[in-house]
Amino acid sequence: MTSQTSTTPSNDHLMGVYKRAPLAFERGRGSRLTSTQGEDYLDCVAGIATAGLGHCHPKIVDVLKTQGEKLWHVSNIYTIPEQTALADALCAKTFADVVFFTNSGTEAIECALKTARKYHWANGQPERIEVIGFEGAFHGRSYAAVYAAGNPTYVEGFGPPLPGYTQLPFGDMEVFESALNDKTAAVIIEPVQGEGGARSLPAADLKLMRDLCTQHGVLLILDEIQCGLGRTGRLFAHEWAEHSAPDIMCIAKALGNGFPVGACLSTREAAKGMTVGSHGSTYGGNPLAMAIGLAAFEELSKDETLANVRLVSGFFTQQLKGLQDRFPDLIVDIRGKGLLIGIKLTSNNREFMALARDQHLLVAGGGDNCVRLVPSLLMTQEEASEAIAKLEATLEVVRKDKAAAA
Ligand SMILES: *Cc1c(COP(=O)(O)O)cnc(C)c1O
C-alpha cells in the first residue's frame with residue numbers, strides 16, 4: 001500500500017470531484033492491469049463496464065492505428081462513411097431505424113430526452129413533456145440526466161430543478177401504471193440498473209412497461225449504456241424480455257471499448273421531430289471513433305462473445321452463492337444479470353474495494369452498499385476462478401477485522 005502511495009501524484013490541480021485510490025496503471029491486456037509499480041492486478045472493473053473486450057484488444061488496437069494514420073475528424077458537414085457503416089450495423093441488429101452518435105453516455109441520454117419531447121411537439125402535443133424515471137437510476141451528469149435519475153446528491157446545489165422529471169420506485173408496476181397520463185412524454189429506465197447496485201428488472205415487468213407505454217402513446221427509452229452490448233449475455237438486456245423493444249435506446253461504454261463513443265438509437269417514428277438543425281455535435285461520429293466503434297461492435301455481437309458471458313457469469317453466480325453460504329454474515333445478496341454482478345455487503349463497500357485491491361483484485365462500487373463485478377466480456381473461467389479466490393481472501397480479512405474490532 002505504501003509503495004503505491006509514494007509515487008502517486010498529488011492531483012492538486014484536478015477538480016476535486018473524485019475520491020481516487022492511490023493506485024495508477026501503466027498498461028493493460030485483457031483482464032490484467034499492470035500498475036506503475038510494476039504489480040499485476042486482475043481487473044473486474046474494466047473501466048466501469050467500458051473495456052468490454054478487455055484492455056488493448058488486438059483488433060481494436062489495429063483499427064486505432066490504421067484509422068489514426070488515415071483520418072481522425074472532418075465534421076458532420078460531410079458524409080462520413082465510417083459513421084454510415086456503424087449506423088447500418090447497429091440498425092441491422094436492433095429495433096432501430098436511425099442513430100445519432102455522441103462522445104458519451106450522458107450525451108446519448110440528452111439526445112434521447114430531446115428526441116422524446118420533440119416527438120410529441122411534432123405530433124401537436126407540446127404539453128407532453130413529463131419524463132418518468134426510477135429511483136436508484138443513473139443516466140449521467142448533465143442537467144437533464146441528473147434530473148431524469150433524481151439522485152439527490154447529484155442535483156443538490158445546482159439551482160432550480162428542471163421541470164418535467166419525476167421518479168418512481170424501481171419495479172413497482174402498480175405505481176407505474178397509475179403514473180402515466182396525457183402529459184407523459186417518455187419513460188426512461190435501465191433494464192439492469194448499474195450504479196444503483198446491479199438491480200435487474202424482471203422480464204415480465206419490462207414487457208408490461210412496453211405495453212403500457214404503447215397504450216398511452218408514451219415513448220419508452222431504455223438506457224442500455226451499461227447493461228447493453230453483450231454485458232448480460234444477450235446483445236441487449238431488453239432482449240431477455242419478449243416484445244420489449246424500446247422506441248429509443250442509449251448505448252455508450254463498451255461501444256468504443258474505452259475510446260469515447262456513444263449513440264442514441266431510435267425508430268424513425270420516434271425521431272420524427274429531429275429534423276435538420278435540431279441537434280448536433282462537433283466530435284460525435286467522427287471517423288476515428290466510428291472505425292473503433294464498428295470494430296468493437298462486431299466483436300461484441302459475436303455469438304462466441306455472448307456465449308462466453310453466459311458461461312462465465314453462470315460460473316461467477318454459482319461460486320458467489322457458495323461464498324454467500326460461507327460468509328452469510330458479510331454477503332447479503334448476489335444479484336444482477338450476466339457479467340453485471342452485484343454483491344451486497346454488510347460491511348462498508350468502499351472499504352471492501354480497498355481490501356480487494358490489497359489482494360490485487362479490482363472491483364467497482366455500487367449503490368445499496370454493493371460491490372460490482374463488471375469485467376471484460378472475454379474474461380476466461382480461469383480468471384473468474386482467480387477472482388473468486390481473491391474475493392474469498394478479501395472476505396477472510398474483513399471477517400478477521402470484524403472479529404478484532406468486536
Ligand atoms: C455510465 C452511464 C451513463 C453515463 O455515461 P457517461 O459516458 O459517463 O456520460 C448513463 N447511464 C448509465 C446506465 C451508465 O452506466
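The lining of the largest cavity draws at least two residues from each of α11 (303–326), β14 (340–345) and α13 (381–405); helices (H or I, at least four residues) and strands (E, at least two) are DSSP runs numbered from the N terminus. The model is predicted, so local features need pLDDT of at least 70 and side-chain atom pairs count only at pLDDT 80 or more, while totals for chains, interfaces and linings use all residues. Residues are numbered from 1 along each chain as its sequence is written, and side-chain values use heavy atoms, with hydrogens and water left out.

**Cavities**

- A cavity is a set of points, on a 1 Å grid over the protein atoms alone, where a 1.4 Å probe fits but cannot get out, and its lining residues have an atom within 4 Å of a point.
- Grid points are joined across faces, edges and corners, and a volume is the space filled by probe spheres set on the points.
- The count is 2 cavities of 30 Å³ or more.
- The largest cavity has a volume of about 40 Å³, and its lining consists of L320, L323, I331, I343, L345, F352, V371, L391 and L395.
- That lining has 9 nonpolar, no polar and no charged residues, where Ala, Val, Leu, Ile, Met, Phe, Trp, Tyr, Cys and Pro count as nonpolar, Asp, Glu, Lys and Arg as charged, and the others, Gly among them, as polar.
- The second largest cavity, with a volume of about 30 Å³, is lined by A49, I225, Q226, G228, L229, R231, A254 and L377.
- The lining of the second largest cavity comprises 5 nonpolar, 2 polar and 1 charged residues.

**Cysteines**

- The whole structure contains 0 disulfides, a disulfide being a pair of cysteine sulfur atoms within 2.5 Å.
- The closest cysteine sulfur to that of C250 is in C264, at 4.8 Å, which is too far for a bond.
- For C264, the closest cysteine sulfur is in C111, at 3.8 Å, again too far for a bond.

**Ligand surroundings**

- A polar backbone atom of G105 is 2.8 Å from an oxygen atom of the ligand.
- Polar side-chain atoms also lie by ligand oxygen atoms, at 2.5 Å for T106 and 2.6 Å for K253.

Definitions and conventions. 1 Å grid on protein atoms, 1.4 Å probe; cavity = no way out; pocket = protein on both sides within 12 Å on 5 of 7 lines; lining within 4 Å. Polar contact = N/O pair within 3.5 Å; in protein donor to acceptor, adjacent residues only side chain to side chain.
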